[in-house]
Amino acid sequence: MGFKCGIVGLPNVGKSTLFNALTETAAAQAANYPFCTIEPNVGEVAVPDPRLDTLAELAKSAVIVPTRLIFVDIAGLVRGASKGEGLGNQFLANIREVDAIAHVVRCFEDTDVSHVEGRIDPIADIETVETELMLADLDSLERRIDGLSKKAKSGDKEAKEALDLIDRALALLRDGKPARLTERKPEEARAFHMLGLLTALPVLYVCNVEEGSAASGNAYSHRVEARAKQEGAAAIVISAKIESEIAVLSRDERKDYLDAVGLSEAGLDRLIRAGYALLDLVTFFTAGPKEARAWTITRGTKAPQAAGVIHSDFERGFIRAETIAYDDYVSCGGEAGARDAGKMRLEGKDYVVHDGDVMHFRFSPQ
């Protein structure tokens, strides 16, 4: 699995149009009125990686299995959603388990597409959605305090630690700041993640612009990019209209279309690359006659834990990892050539997996 991305934004910013295009489905209704998406939509897309095709050709693999990216699209939020306005915050629970939030922001003018607040102001839109997410987090945490306090008084160590984290997060939220700013020690990372806070998730702003601004953005998207830089978030420019048009084209036709509008790659590719960078993810590969497959891990992951992504038995019984750098695998014409050239390395438990490593894990069945 690559990563799971929740799509949020106000109504009529192009969320569902983008979702349809990215997943190449018509699962989400893209209509010009608020709340047209009344059920959360979940779509999976293959993560494009030309290296995988090359490895499959060299290994003569029967099957190619790319890593996958899951998109979760929810109904548009409006001011007061956390208090039940519009469809309320009933859909927010659907994105508490994602790895990152793709916040779609309207950066285009179109009199045929109404704005829920009657004006085009991407920064104000961002603040409206962020406020609703903070209010939802505030409500979620405040409802847990009594139960955790009782456990903490009875000597429950985990409850005490959770309560301490909640107090720190609440102080920020009550001050109008997102929970991601909560100071925490590395050993508290798991407990903090278990709180399921929406404003603790990394944010990728998706600036939806008109077709003519898809290559270089516009004044609206530049403001969003500046804000993202200030926050340490990420931002990309996409024209949902262009993405919806190329979604139905063949690969060759897509390239011709993108060339014609001055784009070197589809928005999905840019979104995925930005998401990987935001979450600090890398890809390693396994390749053989049966299949060539891509696997996604966090940068800094060691070999046994990377093996565990394939199967927990591989991690428990890890012995070593036969490893070939992607460039060496290709330049030597495959695994046999790399081995003969001395480019295959035997790596142990402390080896940190690098992006592009082609690996074969040796393990002892437990």
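Let's start with a lining: Val-47, Asp-49, Leu-52, Pro-66, Thr-67, Thr-283 and Ala-294 line the second largest cavity. A cavity is a set of points, on a 1 Å grid over the protein atoms alone, where a 1.4 Å probe fits but cannot get out; lining residues have an atom within 4 Å of a point.

This is a predicted model, where local features need pLDDT of at least 70, side-chain atom pairs count only at pLDDT 80 or more, and totals for chains, interfaces and linings use all residues. Residues are numbered from 1 along each chain as its sequence is written, and side-chain values use heavy atoms, with hydrogens and water left out.

How confident is the predictor? pLDDT is its confidence in each residue, from 0 to 100. The chain average is 86, and 87% of the residues score at least 70. Now look at residues 25-38. There pLDDT stays under 50, and the model has 35 contacts for this stretch beyond four places in sequence. Contact means heavy atoms within 4.5 Å.

Back to the cavities. How many are there of 30 Å³ or more? The count is 2.

The largest cavity has a volume of about 50 Å³. Volume is the space filled by probe spheres set on the points, with grid points joined across faces, edges and corners. Its lining includes Val-8, His-103, Glu-130, Arg-180 and Tyr-205. Strand S5 (100-106), helix H3 (122-142) and strand S6 (203-208) each give two or more residues to that lining. Helices (H or I, at least four residues) and strands (E, at least two) are DSSP runs, numbered from the N terminus. H3 gives the largest share, 3 residues. The lining splits into 7 nonpolar, 2 polar and 2 charged.

Last stop: Glu-291, in strand S9 (residues 291-298). Is Glu-291 buried, partly exposed or exposed? Glu-291 is partly exposed, because its relative accessible area is 27%. Buried is under 20%, exposed over 50%, partly exposed in between (1.4 Å probe, protein chains only). Leaving out residues up to four places away in sequence, Glu-291 touches Ser-61, Val-63, Val-65 and Thr-286. Glu-291 and Ser-61 are 230 residues apart in sequence, yet 4.7 Å apart in space, C-alpha to C-alpha.

Note on methods:
On a 1 Å grid over the protein atoms alone, a cavity is a set of points where a 1.4 Å probe fits but cannot get out, and a pocket is an open set with protein on both sides within 12 Å along at least five of seven lines; lining residues have an atom within 4 Å of a point. Ala, Val, Leu, Ile, Met, Phe, Trp, Tyr, Cys and Pro count as nonpolar, Asp, Glu, Lys and Arg as charged, and the others, Gly among them, as polar. pLDDT is the predictor's confidence in each residue, from 0 to 100.
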